[in-house]
Amino acid sequence: MKNCPVSKNCGGCEYASLEYGAQLQAKEKRVKDLLSKICPVRPIVGADNPYFYRNKVHWAFGHMGPHLIAGRYAEGSHRIIENDECLLEDQECAKILSDIKNLAVKFKMQSYDERTKRGLLRRVLVRKGVATGEVMVVLVLASPVLPGKKGFIKALLEKHSSIKTVLININTRTDSMILGDKTINEFGRGFIWDELLGVRFKISPESFYQINHDQTEKLYSLAIEAAALKKGEKVLDAYCGIGTIGLCAASSCQGIQLTGVELNRAAVSDARENAKINKMEKARFLAADATKYMIETAEKKEAFDVVFLDPPRSGTTPEFIRACEQLAPKRIVYVSCDPTTLARDLKEFKKHSYTPQYAIPVDMFPFTEHVETCVLLSKLSRAPKLEVTVKMSELDITEAEAKASYQEIQDYVMENTGLHVSNLNIAQVKRKYGILERQNYNLPKTDGARQPQCTPEKERAIVDAFRHYKMID
Ligand code: SAH
């Protein structure tokens, strides 16, 4: 295991002293503690390489006596910790920042002093498109005039040909926002490109973009798999940012009708451009509050087949969830960056006709305590009204299950796909989709037990049979 020389002073990595396997266990346990009473929690998806994953790195600039210093702020403070060997930051981004610091000294640049409000250079933000190798540098200044600007930028570009754009951002704010309102493009096109799952994305200085490229691809793949999209379906990507989840979904299933909704106007404009560049012109992106959009759309009696939602840490709103019930999508895929607000929202969804089927934690942020989770929710078929009341326990069979026998499902799958599926396969898939299996199939009580698991191909075939027999929507 690699060790960080400054972890105690920095405080940015809560799990700095834990082996990676132990970190994954701790995160999976946290998600299980919060969600296992709500739905099954599958094993966490870890990173192949837990180091150097941050593709967005910013250092604060200040001074120690007469010397210019640069690095991360220690957790919860504005004390600058110098460290060229951070285990999270992309190594090329960190090297560029370190070179910028040396150039700033060479060009006699004044760093900004937060107390006296004097000086110029406040922060530098470096973003990298991991798939394209393109790098963006944003110099955050307290005022627009940077003496020696041309020579400084030229010297930087000579050292790093991967830098495709350099911008100056003016930040006169007194809060801890990294970027101010005004950005001036000094070199290149003002943005960089990256790719996720073969789809190209334009990244501007202000846009939200996941910071761990490889884990993002895994997370989105899981979300898209859960959505089980079909041609012609109407799909909503709520809290869509620059359109990443929706456009990746649209690329995986041609012919869906995609709408994205997002509050940040700059991100929406990027999303529209991303749709164009990827030849998905039919996708619509709207700048609006997601809850307001849902309520208005429900009032218009519109409908969606599938809803993705990926809200910020605060989660979504009860009004969004109520509007979902009216819009009645068959499947909802909730991507969350905070399992606490996720648990709260899933309980609310349960009150409004949606059953969480399973949750998969994904480790996007190794060495920190943060964890992402992807949850599939389905709308179960409404019960047909019965004249007489018969307790399901008396029949030892659930209502959805009563619609087709195991033999009928096996026959349907064989006829349509030529695959033989066992009773155990069917029971496993029933369990995953919240259709309780009969006691006598004797399934393991916990996930991950040593039973042969159903292959994705068989699972898809069984799910098709469930839909055919209207056991699920
Ligand atoms: N799905 C995107 C972005 C997720 S981050 C991705 O994976 O990259 C959450 C997004 O929600 C941010 O882009 C943020 O700007 C947006 N957001 C925050 N509050 C919102 C609201 N009330 N309505 C719509 N979008 C909102």
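**Exercise 1. Work out which elements the buried residues of H13 pack against, and how enclosed H13 is.**

Solution. The buried residues of H13 pack against S15, helix H12 (406–417) and helix H14 (456–468). The model is a predicted one.

Step 1. Helix H13 covers residues 423–432. Its buried members are Asn425, Ile426, Ala427, Gln428, Val429, Lys430 and Lys432.

Step 2. Buried here means a relative accessible area under 20%.

Step 3. Look at what comes after the helix: H13 is followed by Gly434, which has a positive phi, near 75°.

**Exercise 2. Find where Lys279 and Ser353 lie, and state for each whether the residue is buried or exposed.**

Solution. Step 1. Phi of Lys279 is near 55°, and phi of Ser353 is near 75°. Each value is positive in a residue other than glycine.

Step 1. Lys279 sits in the loop between helix H7 (265–277) and strand S12 (284–287). Ser353 sits in the loop that links helix H10 (339–351) and S15.

Step 2. Apply the accessibility cut-offs: under 20% is buried and over 50% is exposed. Lys279 has 68% relative accessibility and is therefore exposed, whereas Ser353, with a relative accessible area of 18%, is buried.

**Exercise 3. Describe the surroundings of Gln254.**

Solution. Step 1. The loop between helix H6 (244–252) and strand S11 (257–262) holds Gln254.

Step 1. The relative accessible area of Gln254 is 60%, so this residue is exposed.

Step 2. The side chain of Gln254 reaches the backbone oxygen of Ser251 at 3.3 Å.

Step 3. Gln254 and Lys231 are separated by 23 residues in sequence, and their C-alpha atoms are 6.4 Å apart.

**Exercise 4. Check the radius of gyration of the protein chain against that of a compact globule, then describe the chain as a whole.**

Solution. Step 1. A compact globule of 473 residues would have a radius of gyration near 23 Å; the protein chain has 25 Å, which agrees.

Step 1. The C-alpha trace spans about 85 × 50 × 40 Å along its principal axes. The chain contains 14 helices and 16 strands.

Step 2. Of the 473 residues, 52% are buried. Among contacts between residues at least 6 apart in sequence, 69% join residues at least 24 apart.

Step 3. The accessible surface comes to about 22,900 Å², and carbon and sulfur atoms account for 51% of that surface.

Step 4. The chain has 69 positive and 60 negative charges, and the mean positions of the two sets are 3 Å apart.

Key:
Residues numbered from 1 in each chain as written. Predicted model: local features only at pLDDT ≥ 70, side-chain atom pairs only at ≥ 80, totals over all residues. Heavy atoms only, no water. Helix = DSSP H or I, 4+ residues; strand = E, 2+ residues; numbered from the N terminus. Rg over C-alpha atoms; globule rule 2.2 N^0.38 Å. Buried < 20%, exposed > 50% of the residue type's maximum accessible area, 1.4 Å probe, protein only. Contact = heavy atoms within 4.5 Å. Areas by Shrake-Rupley, 256 points an atom, 1.4 Å probe, with all protein chains shown as cover. Lys, Arg positive; Asp, Glu negative; His and termini not counted. Charge placed at Lys NZ, Arg CZ, Asp CG, Glu CD. Polar contact = N/O pair within 3.5 Å; in protein donor to acceptor, adjacent residues only side chain to side chain.
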